[in-house]
Amino acid sequence: GHEGMLAICANLPAQIKELTITHAAAEQAVDAISMLLAQLTSLRYLDLSFSAWGDDGVHLLASRLPQSVRTLELQGCALTGHGAASLRVLFHQLRFLVLPCNDLSGVGCDTFLAALPDSTLDRLVASAPVPIYEAQKARFLSAWLRAGKLAENLGFVMVAAETSTAGSTGCDEDGFVL
């Protein structure tokens, strides 16, 4: 359970550079894990994919993420545009952000995209379900290019429409786009 994961995280050396914690769906773990992450001052790569923390959990994570993190993977974390907007506070430090299999639409997405020009991001990976794929891809590409970023450094993945309902990530449990 999440208690075991927290015990392991509590004993991580502060100088660890890479950390992967996937499928950590326990909402009770969000606060504790994000507090522990704040102590990992040498951490450069963090993968929390399929942790289903949602917008509130990602907002908490963004407020506590060590300044040293350059790569953040949040694939399939039940994130919406509002959660993505929370990530803009990390745009001064991140170089690579991975967000596929999340519902990045709505007003929060506009805030996220508007912050791209001031970001240090070199690469971004996102996705959209089939019915809105072309429109979302165009929105992301337009914002990415206006920010002076290279088009080949934007990855945009199509996910199956039937998997894009609320609470679904559009990816299977192994992280493959459906």
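# A ring cluster and its surroundings

Tutor: Start with the rings: Phe91, Phe112, Tyr133, Phe140 and Phe156 are linked into a cluster by ring pairs. Rings of Phe, Tyr and Trp (its six-membered ring) pair if their centres lie within 6.5 Å; planes under 30 degrees apart count as stacked, over 60 as edge-to-face and the rest as tilted.

Student: Before that, what kind of model is this?

Tutor: This is a predicted model, where local features need pLDDT of at least 70 and side-chain atom pairs count only at pLDDT 80 or more, while totals for chains, interfaces and linings use all residues. Residues are numbered from 1 along each chain as its sequence is written, and side-chain values use heavy atoms, with hydrogens and water left out.

Student: OK, how many aromatic pairs does the search find?

Tutor: The search of the whole structure finds 4 aromatic pairs. One of them is Phe112 with Phe140, a tilted pair at 6.3 Å centre to centre and 45° between the planes. This pair links distant parts of the chain, with Phe112 in helix α5 and Phe140 in helix α6, 28 residues apart. Helices (H or I, at least four residues) and strands (E, at least two) are DSSP runs, numbered from the N terminus.

Student: And which pair do Phe140 and Phe156 form: stacked, edge-to-face or tilted?

Tutor: Phe140 and Phe156 are tilted, with 5.2 Å centre to centre and 50° between the planes. That pair also links distant parts of the chain: Phe140 is in helix α6 and Phe156 in strand β6, 16 residues apart.

Student: Why is Phe140 called buried?

Tutor: Because its relative accessible area is 0%. Buried means under 20% relative accessible area, exposed over 50%, partly exposed in between (1.4 Å probe, protein chains only). Phe156 is at 13%, so Phe156 counts as buried. Phe112 is buried as well.

Student: Which residues touch the most other members of the largest nonpolar core?

Tutor: That core has 46 residues, and Leu46, Leu72, Leu87, Leu97 and Phe140 touch the most other members. Elements giving two or more residues to this core include α2 (27-37), α3 (54-64), α5 (107-114) and α6 (133-146). A nonpolar core is a set of buried Ala, Val, Leu, Ile, Met, Phe, Trp, Tyr and Cys residues joined through side-chain atoms within 4.5 Å. In soluble globular proteins, nonpolar side chains tend to be buried together.

Student: What is Leu97 in contact with?

Tutor: Leaving aside neighbours within four places in sequence, Leu97 has contacts with Leu72, Leu87, Phe91, Phe112, Leu121, Arg123, Leu124 and Val125. Contact means heavy atoms within 4.5 Å.

Student: New topic. Where does Ala85 lie?

Tutor: Ala85 is in helix α4. Its relative accessibility is 7%, so Ala85 counts as buried. Not counting residues up to four places away in sequence, Ala85 touches Gly108, Thr111 and Phe112. The C-alpha atoms of Ala85 and Cys109 are separated by 6.2 Å, and these residues are 24 apart along the chain.

Student: Cys109, then: buried or exposed?

Tutor: Cys109 is buried, because its relative accessibility is 1%. Cys77 is also at 1% and counts as buried.

Student: How many disulfides does the search find?

Tutor: The whole structure has 0 disulfides. The cut-off is a pair of cysteine sulfur atoms within 2.5 Å.

Student: What about Gln93, where does that lie?

Tutor: Gln93 lies in the loop between α4 (81-86) and β4 (96-98). Gln93 is buried, because its relative accessible area is 4%. Beyond residues up to four places away in sequence, Gln93 touches Leu65, Pro66, Gln67, Ser68, Val69, Arg70 and Thr120.

Student: How many helices and strands are there in the protein?

Tutor: There are 6 helices and 6 strands, and from the N terminus on the elements run α-β-α-β-α-β-α-β-α-β-α-β. Of the 178 residues in the protein, 49% are buried.

Student: And where is confidence lowest among those elements?

Tutor: Confidence is lowest in helix α1 (residues 2-10), at a mean of 67, and highest in strand β3 (residues 71-73), at 97. The score is pLDDT, the predictor's confidence in each residue, from 0 to 100. The protein has a mean pLDDT of 84, and 84% of its residues reach 70 or more. Over residues 163-169 pLDDT stays under 50, and the model has 9 contacts beyond four places in sequence for them.
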